[in-house]
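User: I would like to go through this structure and ask, for each label, what it rests on. Please set each value against its criterion before you conclude.

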Amino acid sequence: MSNNPLNRYELPARSPYRTRTNQKIVPQQIVFPETKEDPSHNPKNAEAPASDEPQIAEASRELPRARVQGQPTSFYRVNVKASPAQKPVEENKFFGNCPRCEWKGYLTFAAESQADVKLCSCQAEICPQCNGEGGSIISLESGNRAWKTCDCRKLARRMELYRAAHIPSRFADKTLDAFAPNDDSQAKARAHFYKLYYDPTSNRSFKPGDAGVLLMGSPGVGKTHLMVGFLRNLILERGIACRFQDFGLLLSDMRDGYTRDVPEQHILQPLVDIDVLLLDDLGKGRNSKWELGIIDTLISCRYNAGRTTLITTNYTLDPETTLRERSRGRGHIDSEEFLSRDTLRDRVGDRIYSRLHEMCRIFFVRGNDYRQILQKP
Ligand SMILES: [Zn+2]
Ligand SMILES: [Zn+2]
């Protein structure tokens with residue numbers, strides 16, 4: 001367990017809901033040691049979907065419609081457990097049919113500095129499932145009773161995690177479902193993300209520590225879109241702590257840190273500790289010894305800790321492809337590094353290169369630069 005304050009288990013369970021009395025909710029201390037909430041104890045509590053069907057608590061079928069400040073009545077529902085590949089099915093229309101959030105209960109949006117998330121207006125202000133209490137006492141098969149945290153608290157915590165992930169604003173609406181592949185390699189990469197998130201054949205879901213993904217290819221083929229789409233599912237659907245880090249920005253943050261006497265550790269440690277790190281545009285920069293040192297520290301520490309790392313890079317495995325792919329994305333590359341024949345291996349060093357092979361499944365993504373069509377935001 002890391003000491004990272006962003007760790008999901010240590011986050012304050014702040015709720016976006018008000019209680020009926022506007023009082024701070026303090027769950028009563030009735031969690032018995034042998035009955036505390038543990039997904040392996042009770043399959044109903046498991047984060048991962050056990051089947052292809054969306055997992056919706058049976059009890060919510062009886063939920064009364066909640067009337068909220070003059071709005072039309074709506075069903076309160078937090079279907080945070082459905083896999084991203086699932087589309088709402090006809091029979092679930094009973095639970096509400098919100099076209100805004102597509103059954104998720106939350107909406108991500110581009111705030112000024114980074115992507116943010118809010119509760120959808122289809123959600124009741126006071127959660128009718130727990131009556132604003134944040135949870136309820138349940139009876140277990142063993143005869144014991146335990147405090148079960150309501151799904152509304154889980155969602156609140158996940159929304160906090162999303163904000164802490166520092167996803168850039170321009171990726172606020174990027175989902176795996178919204179990704180339109182224009183090449184087989186893109187479709188293959190997306191299929192891998194779906195499978196990694198949840199593999200129906202083995203009934204296995206992604207766990208922090210699983211092998212990551214490295215996407216290489218020219219700029220604008222959707223590498224970061226795919227990564228962010230996967231990341232948001234891990235955060236908002238599974239409650240896994242993730243972090244987006246642009247590699248070029250990391251370098252400038254660290255340079256900036258030296259002038260302000262901020263120790264390297266302060267910047268690097270949170271990136272080492274986070275369960276899932278997305279390192280965007282690895283290899284960007286001047287390829288100096290100092291930059292190689294930073295890559296080495298970051299990747300080695302995560303490798304040793306067995307943490308999942310996701311990486312995108314414009315550099316490929318051999319000089320000719322690198323040159324060709326990078327020249328395709330001419331408009332997106334700084335002139336100083338343009339037309340470098342460096343391979344990924346040149347950019348990260350032999351040791352890290354071989355570690356990346358161990359840590360990540362590698363995909364070469366090709367395709368048209370759709371940023372030129374859609375215009376870079
Ligand atoms: Zn909604
Ligand atoms: Zn609730």
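Analyst: Gladly; please keep in mind that this is a predicted model. Strands β9 and β10 (residues 308-313) pair in the parallel sense, over four bridges.

User: What makes β9 and β10 count as paired strands?

Analyst: The criterion is at least two bridges between two strands, and β9 and β10 have four, so they count as a pair. Among the positions that face each other, V276 stands opposite T308 in β10, and L278 stands opposite L310. On the β8 side, five bridges join strand β8 (residues 242-246) to β9, again in the parallel sense, and there R243 has L277 as its bridge partner.

User: How do you know that β9 is mostly covered?

Analyst: A residue is called buried if 20 or more other C-beta atoms lie within 10 Å of its own, and in β9 (residues 276-280) five of the five residues are buried. V276, L278 and D280 point one way from the strand, whereas L277 and L279 point the other way, and all are buried. In a regular strand the side chains alternate between the two faces of the sheet.

User: Which strand order makes up the open sheet, and why are β8 and β11 said to stand at its edges?

Analyst: Five strands form the open sheet, in the order β8-β9-β10-β7-β11, with parallel pairing. β8 and β11 each have a single partner strand, so one side of each is left without a neighbour in the sheet, and this is why they are placed at the edges. From one strand to the next, the twist averages 15°.

User: What holds for β7, and why is it called largely enclosed?

Analyst: Strand β7 (residues 212-216) has five buried residues out of five, so it is largely enclosed by the rest of the structure. G212, L214 and M216 point one way and V213 and L215 the other, all of them buried. M216 stands opposite F364 in β11, while L215 stands opposite T312 in β10.

User: Which helices pack on these strands, and at what angles?

Analyst: Helix α3 (residues 223-238) packs on the sheet, touching β7, β8, β9 and β10, and its direction makes about 155° with that of β8. Helix α9 lies across β7, β10 and β11, running at about 95° to β11.

User: What makes β9, α6 and β10 a right-handed unit?

Analyst: The crossover is called right-handed if, with the strands pointing away from the viewer, the path from the first strand over the helix to the second runs clockwise; β9, helix α6 (residues 289-305) and β10 make a right-handed β-α-β unit by that criterion.

User: How do you know that α6 has a buried side?

Analyst: In α6, I295, L298, I299 and R302 are buried. They cover an arc of only 85° around the axis, which puts them on the same side of α6. The face turned away from that buried side carries the exposed residues K289, W290, G293, N304 and A305. The buried residues of α6 pack against α5 (264-273), β9, β10, α8 (344-348) and α9 (350-359). α6 is followed by G306, whose phi is positive, near 65°.

User: Why is α1 called largely enclosed?

Analyst: Eleven of the 14 residues of α1 are buried, so the helix is largely enclosed by the rest of the structure. Among these buried residues are D151, C152, R153, L155 and Y162. The buried residues of α1 pack against β1 (106-110), β2 (115-119), β3 (135-139), β4 (145-149) and α3. Just after α1, H166 takes a positive phi of about 55°.

User: What share of the whole protein chain counts as buried?

Analyst: Of its 377 residues, 35% count as buried. The secondary structure of the protein chain comes to ten helices and eleven strands.

Notes
Residues are numbered from 1 along each chain as its sequence is written. Chains are lettered from A and ligands numbered from 1 in the order in which they are written. This is a predicted model: local features need pLDDT of at least 70, side-chain atom pairs count only at pLDDT 80 or more; totals for chains, interfaces and linings use all residues. A residue is buried if 20 or more other C-beta atoms lie within 10 Å of its own, exposed if 12 or fewer, and partly exposed in between; C-beta atoms are placed from the backbone. Helices (H or I, at least four residues) and strands (E, at least two) are DSSP runs, numbered from the N terminus. The arc is that of the directions from the helix axis to the C-beta atoms. Two residues are in contact if their C-beta atoms, placed from the backbone, lie within 7 Å. Axes are lines fitted to C-alpha atoms, for helices over the stretch in contact, and angles run from 0 to 180 degrees between N-to-C directions.
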